[in-house]
Structures are given as C-alpha cells and as structure tokens.
Amino acid sequence: MSKEDNAKKGWRDIPIGGLITESGNAEKYHTGSWRIKRPLWSREKCIQCLFCWAYCPDLAIEVEDGLVIGVDYAHCKGCGICANQCPAQALEMISEDKSDVNDDKAEVDHEKKTE
Amino acid sequence: MSEQIALTGNEALALAMKQINPDVVAAYPITPQTEVVQLFSQFVADGVVDTEFVTVESEHSAMSATVGASAGGARAMTATSANGLALMWEIVYIAASTRLPIVMPVVNRALSGPINIHCDHSDAMGARDSGWLQLFGENAQAAYDNVIQALRIAEHRDVMLPVMVNMDGFIISHAVENIKPLADQDIRDFIGEYQPAYSLLDPDQTTTYGPLDLQDFYFEHKRQQVDGLEHALEVVLDIGREFYQLTGRDYGYFEKYRLDDAEIALIGLASTMGTAREAVNNLRKEGIKAGLINLRLFRPFPVQALREALQDIKVLGVMDRADTFSLNGGPLFGEIRNTLFDFGNKLKIVNYIYGLGGRDINLSDLEGIFRQLLEVKENGKVKQLVNYYGVRE
Amino acid sequence: MVKLKDLTKNKGLLSGGHRLCQGCGASVIVHQALQVVENPVVIAVATGCLEVSTTIYPFTAWRTSFIHNAFENAASTLSGVETAYRSLKKQGKLAADYNFIAFGGDGGTYDIGFQALSGAMERGHRLLYICYDNGAYMNTGIQRSSATPWGANTTTSPVGKVIPGKKQYRKELTEIIAAHNVPYVAQASPYHWKDFSRKVKKALEVAGPSFINVLSVCPRGWRTAENKGMEITKIAVETNVWPLYEIEDGEYHITYKPKKARPVIEWLKPQGRFKHLFAEANTGMVEQIQQHVNRRWQKLLKLSGQAQ
C-alpha cells in the first residue's frame with residue numbers, strides 16, 4: 001500500500017456499492033498533461049462555426065453564450081481534431097516544448113475560472 | 001391472520017410475491033421454478049398487482065433487468081433455478097457489490113451436467129460466495145415466510161444486500177401442503193413502503209452506478225459488503241422476532257430440535273430436515289439421545305450461535321446436498337469444521353453427501369445415519385470422514 | 001433545423017477529465033447525442049473503452065444518472081431501469097419525465113450483448129441504444145469483432161503468411177435491428193453532426209425502442225493519426241462504406257447521398273489496419289472491397305425505393 005492510498009478515505013467514509021454521488025467530478029482530473037501539442041485559438045480568425053466544439057473528444061472548447069472563447073487546457077489532450085476541422089485556420093497546433101505560453105499558468109487560470 | 005389453505009411450494013412463493021406487490025419483476029421460466037413465473041404473469045394479466053413484469057429473453061437478462069430496476073429505485077424481484085442461476089452468475093455478484101436489496105427465490109435443482117431437473121443444492125451452493133444472504137426453508141410455509149422476511153432484511157439500511165430464498169425443487173415446489181398465509185394488509189404493514197437510499201430516477205441527485213474500481217478503492221468496497229453481512233446477523237434475528245409477534249412462527253438462524261440433552265445430532269438444510277425430525281422422534285423412543293439443527297441462514301454463517309448450540313454434542317453428522325469436489329467434504333461440512341476448529345471440544349464430525357440430482361432420502365436412511373453416528377460415539381472412531389450416502393457402488 | 005449555437009445552450013452531460021485516448025470518436029458521439037436531450041436521462045454503458053475511461057472511481061465524467069452493469073447487458077439493464085420508471089410513474093410515485101439511452105461499443109453490441117439488445121428491442125422498451133462502432137474490441141487491444149471489416153488487420157485476425165487479415169464481412173447490425181420492427185433505426189456519423197443530432201431527436205420521440213449505429217474512429221485500432229478522426233469518418237460516408245440512412249416504421253430513407261461516391265481506396269489508404277491490402281501479394285483485395293461496398297449500396301438504394 002502506497003502513502004497515497006493511506007491518505008485516501010477508509011471504507012466507513014465512502015458511499016456503499018461503489019456509487020459516485022458527485023456527478024461530473026472527473027472535471028477535477030486534469031488530462032491536459034497528456035498533450036504534446038496544444039491548439040492555439042485565434043479570436044481574430046475564428047468565424048464561430050463551432051465545429052471545433054462539436055468535434056472535440058475532450059469537451060475542451062470553451063463556449064459562452066454560443067461563442068467560442070478559448071481552449072480548456074486542463075482537459076485538452078492535444079489530438080488536433082479541432083485544428084484539422086477548422087475551416088478558418090483559427091486553430092493552430094504548436095509543440096508544447098515550443099509553446100511560449102506558461103503551461104502552469106494556463107492551468108491555474110483555468111482552475112480559477114471554474115471555481 | 002388468514003385461514004389455512006392448501007398450496008404447492010411454487011404457489012406459496014407466487015402468493016408471497018403477489019402480496020409483496022413489487023414494482024418490477026423480471027424473470028425467465030426454468031423447471032422447477034416455471035410455475036412461479038406463470039402464476040405471477042397471471043396476476044399481472046388480471047391486474048391484481050401493480051408490478052411491471054419483464055419477460056426477459058434469458059436469466060442473464062433477468063438478473064440484469066432486476067439490477068437495473070432496483071438501481072432505478074424500484075422494489076424488484078426475480079426467481080430462478082439451477083442453470084438459470086448459473087447463467088445469472090456474473091450479475092449475481094454485481095447485484096451484491098452494488099448493494100441492491102433484491103429478493104430472489106431459488107427453487108433448488110441440480111446443476112448440469114449431465115442435465116437433471118431434480119432437487120439438490122449445487123445451484124445455491126455455487127453462489128455462496130457471491131455476497132448474497134442465503135436463507136433455506138424446510139417446507140412451503142418456511143419458503144413463504146422467508147420471502148416476506150427477506151424483503152425487510154435486504155432493504156434494512158444497515159444491510160442493503162440481496163437475499164436468495166431457497167426452496168427444494170419438486171419435493172416442495174410441486175407438493176401440496178397446508179400453509180397459513182398472512183393477510184394482504186398484514187404484509188403491507190410488515191414490509192412498508194419502499195424508500196430507496198439511492199436511485200437512478202432521482203432528478204435531484206444524479207448518481208453513477210458501477211464505476212471502474214481499481215486497486216485504490218475496490219478493497220474498501222468489499223470490506224463494506226462484509227460490514228453489511230455482519231449487520232445482517234443482527235437484522236435477521238430482529239426481523240424474525242417481529243415476524244413471530246405477527247404470526248407466532250419462530251425464525252432465527254436455525255431451528256434446534258430436541259438438542260438440549262442430545263449426544264448425537266444432524267445438521268442440514270431444507271426438506272430433508274423434516275424427515276430427520278421424524279427420525280429423531282423414532283430414535284428418542286428407543287432412548288437414543290438424538291437431536292437436530294435445521295439450518296436456515298447459510299450466508300452469513302452464524303458461527304457463534306452454532307458453537308453455542310453444539311457445545312454438548314458428542315458426534316455431529318453434517319448433511320450436504322451438494323459437493324465441493326475438493327475431496328474435503330461438502331460446503332456445509334467445510335463451514336462447520338471451520339466453525340468448530342478453535343472450539344476446543346472433542347466433537348466428532350462426519351459428512352454425508354446425499355441426494356444429488358434428486359436421489360431420494362427417506363426416514364429409514366436418516367435413522368440409519370443416526371445409528372452410524374451412535375456407533376462413532378460408542379467406539380470413538382470416525383471410519384470415513386466424507387460419505388457419499390445413497391450412491392450405488 | 002438543428003443549429004450548433006442552439007446545442008451549446010445545454011450544459012453538456014459529459015464532462016472533460018475522462019481518460020479516453022487522444023482523438024477518440026466515442027466521446028464525440030456521446031457529446032453530440034446528449035446535447036439534444038432535454039429531459040433528465042438515465043445512461044447505461046456496456047463495459048468497454050467509454051465505460052472504463054469515464055468512470056474511474058472516485059471520478060465520473062457523467063453529469064447525469066449513469067449505470068454500468070457488465071459487458072453484455074447494457075440493453076437488459078436499461079430495460080430494467082425503464083420498467084422501474086413505468087412502474088413508478090403508473091403508481092404516481094415519480095413526477096419527472098425521463099429518457100433512457102444506452103451506449104455500447106461494437107463488441108458489447110454486435111457480439112456479446114447481441115441477445116440482450118435483441119430482447120430489449122423485441123419487448124418494446126422506450127429506450128435508445130447507440131452503438132459506437134469502431135470495428136473491433138479496442139479496449140482489450142484491437143481484437144476482431146463481428147463488426148470488423150473484411151480484410152482488416154486485428155490482433156485476432158492478424159495478417160500472416162497465409163491469411164491476409166479478417167476473412168469475414170461485417171455483420172449488418174443496423175438491418176438486423178430493423179428486422180425487430182422497432183419504430184426507429186438509423187446509421188449515423190459524428191462528422192455529420194446535424195444528421196446525427198436530428199436522428200437522436202427523432203429516436204427519443206418515438207414511443208418505443210430505437211437504435212442508432214454510429215461510426216466511431218479509433219486512432220489506435222485503425223492506425224490513423226489522432227487529428228484525422230473526423231476527416232476519415234467523413235470519407236467513410238463519401239465512399240459509401242458507411243451510408244447514412246434511417247428506417248422509420250420499416251421504411252428506409254437514405255439521409256445523405258454523396259454526389260459521386262469516392263473510391264474505397266480513399267478510405268482504406270490512410271488506415272494502417274488495411275496497409276497489407278496494398279502489398280503485391282494481396283492484389284485484388286481492394287477491388288473485392290469495392291465490389292462489396294457497391295453491392296451493399298445498391299441494396300440500400302433498392303430498400304429505399306431508389307433502385308437504378
């Protein structure tokens with residue numbers, strides 16, 4: 001048993017039957033670290049067709065009032081479908097290594113927004 | 001309290017289900033349980049129950065749909081036998097681990113193969129490690145009474161586990177007995193309105209059932225199941241007492257028959273114990289101090305109570321209507337030896353595996369077994385630990 | 001007319017943070033399907049990639065009632081929930097109106113869950129079963145199923161020295177379900193999101209069982225690039241490999257007809273699982289696939305009253 005397991009709740013303190021009562025809490029699990037490339041979204045080029053939102057496997061295209069406002073880097077795994085399907089080249093895949101965006105900062109920002 | 005009426009075991013089970021009036025029943029026909037499904041279908045067709053009946057295409061789907069219905073906040077039941085239970089197997093475990101209070105009568109029949117439709121306990125014994133509670137009963141009255149009590153036990157918040165109510169195929173299922181059913185209103189009051197702890201059909205609390213549970217939590221969930229079974233030991237007695245007040249019929253972990261001053265005793269399950277009671281009476285007439293334990297609760301196994309009940313017995317015969325093929329005795333035998341291992345008394349134990357595939361066992365057989373126990377008591381030696389009783393050499 | 005802007009108004013019922021592979025088609029399908037659901041919904045999912053990746057305890061990506069029971073019984077499990085719903089409604093114990101949707105991969109639907117699905121369809125439960133068909137047992141490592149296309153290389157229909165991949169054509173499950181006389185059956189693709197959304201809406205409106213078979217890209221199993229998933233899904237439709245149609249009360253309608261069908265080679269070429277078809281030793285296999293696709297398309301035209 002690892003240290004991590006010790007820190008987890010014991011059998012008396014979790015719901016019976018393996019039930020998960022906090023729906024959608026997978027949001028707290030960040031899959032953004034899987035990425036080797038990230039999509040950069042350009043507000044200027046975006047024509048708001050929303051195809052990226054419809055085709056994103058990670059539910060990582062952020063939309064407000066029917067308009068794309070950015071990418072949720074906490075969950076985006078970097079598959080690149082959005083960039084591949086964008087008819088306006090408003091999404092560009094760039095290597096995480098070459099990214100000039102501070103990764104940590106992006107994730108922290110995202111968390112702030114969702115809290 | 002209703003008058004005494006003549007019913008077959010299957011009719012008694014169907015009557016209990018009708019009076020319980022579950023929200024959902026999903027079941028598939030299989031000999032010797034078929035009559036239960038037919039009778040219940042007629043209740044549905046006649047509109048005398050509120051139940052929605054799912055005529056599933058297999059027992060696997062019977063248990064799957066029952067799990068779905070129970071997770072959907074319904075009081076849900078099914079019933080089966082033998083190969084039907086075997087086909088359900090995977091989902092039988094899932095019903096218990098998901099903590100769904102399903103009640104399932106099992107009309108016991110030998111498992112194939114070769115295929116055989118008659119009574120033994122290989123079906124129920126195969127499911128003994130599935131996490132279900134298992135109740136056995138000697139006759140139709142016991143099966144009827146057990147189904148009613150099983151509902152309360154299963155749904156008890158400290159238990160929240162499914163219960164299998166076993167009844168011997170053909171010997172009980174197809175034989176007519178006088179039974180005293182409860183009045184509909186008495187049953188309604190006894191079982192009460194079902195209030196699920198969780199439900200898929202609760203718009204205010206959406207819940208995920210059946211997640212992938214890996215190394216970090218699976219073990220904790222298994223430990224919780226054990227906790228439910230520990231509580232069940234108390235709940236079975238509490239519900240039994242309540243039922244006694246209602247009916248005058250006494251149910252605990254087991255029935256002790258002329259055991260107090262007994263030196264030799266048999267322990268076993270179901271209809272054979274009725275015959276064994278008569279054997280005890282006959283031997284007592286000869287001055288032989290014979291007694292009997294008619295075990296009702298097989299899962300969880302009432303260890304402490306059995307240790308106390310057996311403390312003055314010199315020789316115990318353990319009757320198993322199923323084998324484990326371990327070459328180390330039947331399933332009940334294993335439990336009993338395990339129970340008594342640290343007990344420190346000089347009790348001698350002999351195992352009789354009998355009645356497989358519906359092979360008859362009669363009064364003189366059981367008297368003969370008692371006489372063998374008497375011989376062990378007198379010469380202090382067990383000649384053969386595990387005996388296949390009634391098989392042709 | 002379904003508009004994406006309108007669909008974004010619903011709070012998605014699947015959250016991010018699920019652990020499906022990069023570029024997986026399954027979550028795209030679930031996302032699109034659930035955006036058109038207006039009632040509370042109970043989801044049942046068969047064991048498979050979608051299930052294991054979305055509910056790793058103590059996390060769940062489902063913002064709705066969800067049940068996973070086992071591999072082969074999503075349909076029978078959900079038929080139990082739907083029956084509980086009818087019973088509780090009838091007795092006045094439940095006020096809300098619910099929808100019921102099951103998701104299963106092709107293994108859990110075409111193969112091991114086929115009996116339970118057939119039973120649920122025949123019994124007439126008001127539930128929608130959506131198969132995300134990626135053409136193999138991807139969760140266990142790309143083993144062939146009865147949905148795997150002819151010639152495909154999988155780990156149990158491997159390309160060897162004497163056998164060039166899978167030797168059987170895929171089972172036409174959409175037509176088999178239609179033979180159950182259920183009110184609504186369709187075949188769809190997530191690339192064609194408008195067509196798919198409309199089909200889900202229709203399916204939820206019928207007073208009985210419905211089934212939609214949806215092509216789901218698997219970059220691992222198909223050996224395609226992660227970012228090409230929607231592109232290749234589109235090509236499947238444009239080559240008539242995966243025609244889009246629906247069967248309403250037994251009537252076939254083709255819902256999208258390519259202006260001019262593209263050759264199947266365009267579908268086969270980008271996929272590593274078909275790479276061996278282009279080896280010299282296997283000359284003729286591509287043509288055989290083309291002939292099969294043509295026959296299937298002609299049959300579909302005939303069924304929809306458009307025979308040429």
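Predicted model: local features only at pLDDT ≥ 70, side-chain atom pairs only at ≥ 80, totals over all residues.
Two residues are in contact when heavy atoms of theirs lie within 4.5 Å.

## Chain A

Among the contacts in chain A between residues at least 6 apart in sequence, 68% join residues at least 24 apart. The secondary structure of chain A consists of four helices and four strands. In sequence order, these elements follow the pattern α-β-α-β-β-α-β-α. Chain A has 115 residues, of which 48% count as buried.

## Chain C

Chain C contains 12 helices and eight strands. Its C-alpha trace spans about 70 × 50 × 40 Å along the principal axes. A compact globule of 308 residues would have a radius of gyration near 19 Å, and chain C agrees with this because its own value is 19 Å. Buried residues make up 65% of the 308 residues in chain C. Of the contacts in chain C with a separation of 6 or more, 69% are between residues 24 or more positions apart.

Two loop residues of chain C deserve attention for their backbone angles. Asn181(C) is not a glycine, yet its phi is positive, near 60°. This residue, Asn181(C), is placed in the loop between helix H7 (173–178) and strand E5 (184–188) of chain C. Asn181(C) counts as exposed because its relative accessibility is 71%. Asp249(C) is likewise not a glycine and has a positive phi, of about 45°. The loop that holds Asp249(C) runs between strand E7 (244–248) and strand E8 (251–256) of chain C. With a relative accessibility of 64%, Asp249(C) counts as exposed.

## Helix pairs in chain B

The table gives the approach and crossing angle of their axes.

| Helix pair in chain B | Axes come within | Crossing angle |
|---|---|---|
| H3 (residues 59–71) and H4 (residues 82–97) | 7 Å | roughly 25° |
| H6 (residues 140–155) and H7 (residues 184–191) | 9 Å | roughly 35° |

How are H3(B) and H4(B) oriented to each other? Angles under 35 degrees count as roughly parallel. The axes of H3(B) and H4(B) cross at roughly 25°, and the two helices are therefore roughly parallel to each other. The crossing in which H3(B) passes H4(B) is right-handed. On the side of H3(B), the contact is made by Glu59(B), His60(B), Ala62(B), Met63(B), Ser64(B) and Val67(B). On the side of H4(B), the residues they meet are Gly84(B), Leu87(B), Met88(B), Glu90(B), Ile91(B), Val92(B) and Ala95(B). Sorted by class, the contact of H3(B) with H4(B) comprises eight nonpolar, three polar and two charged residues.

In the second pair, H6(B) contributes Tyr144(B), Ile148(B), Gln149(B), Leu151(B) and Arg152(B). Their partners in H7(B) are Ile187(B), Phe190(B) and Ile191(B). The residues in the contact of H6(B) with H7(B) divide into six nonpolar, one polar and one charged.

Gly113(B) counts as exposed because its relative accessibility is 64%. From Gly113(B) to Glu220(B) there are 107 residues along the chain, and their C-alpha atoms are separated by 37 Å.

The peptide bond from Arg299(B) to Pro300(B) is also cis, and its omega is near -5°. Pro300(B) belongs to the loop between strand E13 (297–299) and helix H10 (303–309) of chain B.

## A residue in helix H8 of chain B

Asp238(B) is part of helix H8 (residues 218–247) of chain B. Is Asp238(B) buried, exposed or partly exposed? Asp238(B) has a relative accessible area of 34%, so it is partly exposed. The C-alpha atoms of Asp238(B) and Gly252(B) are separated by 8.8 Å, and the two residues are 14 residues apart along the chain.

Technical notes. Residues numbered from 1 in each chain as written. Chains lettered and ligands numbered in written order. Heavy atoms only, no water. Axes fitted to C-alpha atoms, helices over the stretch in contact; angles between N-to-C directions. Parallel < 35°, antiparallel > 145°, perpendicular 65-115°, else oblique. Left-handed = near helix turned anticlockwise from the far one by under 90°. Nonpolar A, V, L, I, M, F, W, Y, C, P; charged D, E, K, R; others polar. Buried < 20%, exposed > 50% of the residue type's maximum accessible area, 1.4 Å probe, protein only. Rg over C-alpha atoms; globule rule 2.2 N^0.38 Å.
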